[in-house]
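User: I'm new to reading protein models. Could you walk me through one, feature by feature?

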Amino acid sequence: GRTYQFAVAHTGERLAFQLTPNPTERLPKQQYYVFDGEDVIQITDSPDAVVGSSGPLDCPRQSGSRPLITADGRHVVFATRSTLGVEGVPADTGCKIFRYDVETRELHYLYGFPPGEALDLPVLSDSGRWMSFTM
């Protein structure tokens, strides 16, 4: 499958990206992945993990679905409307922010925006502590 949305850690050793795992499926769906220097690890496995932008309230809007990665490559951060099947994620929110810890291989829910709001053009600080975006 093709991918146009990716981010590289400053170390150059890790890469976060979107990819369609089975492009020959009837309705192929993109997923989030990380290359950790040795293996390609699939972060998500949900049919609505990555949804293309088709409206003003899609989450995220243009360029927003690009996964972000910290400078050291330890964490991948991305936004989606999906709950990704993660326990405790409120379904009644709009955009949801998730963080994947590459070393522990754990996915964590961080924040959910109100249903009528969508973010766009997210940027992550090198440490991963701050994320900025437009709304």
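Predicted model: local features only at pLDDT ≥ 70, side-chain atom pairs only at ≥ 80, totals over all residues.

User: Which residues lie nearest the centre of the largest pocket?

Analyst: Ile97, Leu110, Gly128, Arg129 and Met131 do, out of 15 residues in the lining. By type, the lining splits into nine nonpolar, four polar and two charged residues.

User: Let's zoom out. How many helices and strands does the protein have?

Analyst: Zero helices and ten strands. Reading along the sequence, you get β-β-β-β-β-β-β-β-β-β.

User: And what share of the residues counts as buried?

Analyst: Of the 135 residues, 41% count as buried. Another overall number concerns contacts between residues at least 6 apart in sequence: 39% of these join residues at least 24 apart.

User: Now the aromatic rings. How do I read a pair, and how many aromatic pairs does the structure hold?

Analyst: A pair of aromatic rings is described by the distance of the centres and the angle of the planes. This structure holds six aromatic pairs. Take Tyr32 and Phe78: their ring centres are 4.1 Å apart and their planes sit at 20°, so this pair is stacked. Tyr32 belongs to strand β3 (residues 31-35) and Phe78 to strand β6 (residues 75-80), so the pair ties together parts that are 46 residues apart in sequence. Tyr32 and Phe78 are both buried.

User: What kind of pair do Tyr111 and Phe113 form?

Analyst: That one is edge-to-face, with 4.8 Å from centre to centre and 85° between the planes. Tyr111 is partly exposed, because its relative accessible area is 43%. Phe113 counts as buried, because its relative accessibility is 7%.

User: Which residues form one aromatic cluster?

Analyst: Tyr32, Phe78, Phe98 and Tyr109 do, so you meet the stacked pair of Tyr32 and Phe78 again there.

User: Can we look at a single residue now? Is Tyr33 buried or exposed?

Analyst: Tyr33 lies in strand β3. Its relative accessible area is 6%, and the cut-off for buried is under 20%, so Tyr33 is buried.

User: What does Tyr33 contact, once you set aside its neighbours within four places in sequence?

Analyst: Its contacts include Leu15, Phe17, Pro21, Val40 and Gln42. With Gln42 there is also a polar contact between the side chains, at 3.4 Å. As for Pro21, it is twelve residues from Tyr33 in sequence and 9.9 Å away in space, C-alpha to C-alpha.

User: Where is Thr80 found, and what does its side chain reach?

Analyst: Thr80 is in strand β6, and it is buried, with a relative accessible area of 2%. Its side chain reaches the backbone nitrogen of Ser82 at 3.1 Å. A polar atom of that side chain also lies 2.8 Å from the backbone oxygen of Ala49.

User: Which side chain makes a polar contact with the side chain of Ser82?

Analyst: The side chain of Ser46 does, at 3.4 Å. You'll find Ser46 in the loop between β4 (40-42) and β5 (68-69). Ser46 is buried, with a relative accessible area of 11%. Not counting residues up to four places away in sequence, Ser46 touches Gln31, Ser82 and Leu84.

User: What is the phi of Leu84 like?

Analyst: Leu84 has a positive phi of about 60°, although it is not a glycine. Leu84 sits in the loop between β6 and β7 and is buried, at 14% relative accessible area.

User: And where is Arg105?

Analyst: In the loop between β7 and β8. Arg105 has a positive phi of about 60° too, and it is not a glycine. Arg105 is partly exposed, with a relative accessible area of 44%.

How values were computed:
Residues numbered from 1 in each chain as written. Heavy atoms only, no water. Helix = DSSP H or I, 4+ residues; strand = E, 2+ residues; numbered from the N terminus. Buried < 20%, exposed > 50% of the residue type's maximum accessible area, 1.4 Å probe, protein only. Polar contact = N/O pair within 3.5 Å; in protein donor to acceptor, adjacent residues only side chain to side chain. Contact = heavy atoms within 4.5 Å. Phe/Tyr/Trp six-rings, centres within 6.5 Å; stacked < 30°, edge-to-face > 60°. 1 Å grid on protein atoms, 1.4 Å probe; cavity = no way out; pocket = protein on both sides within 12 Å on 5 of 7 lines; lining within 4 Å. Nonpolar A, V, L, I, M, F, W, Y, C, P; charged D, E, K, R; others polar.
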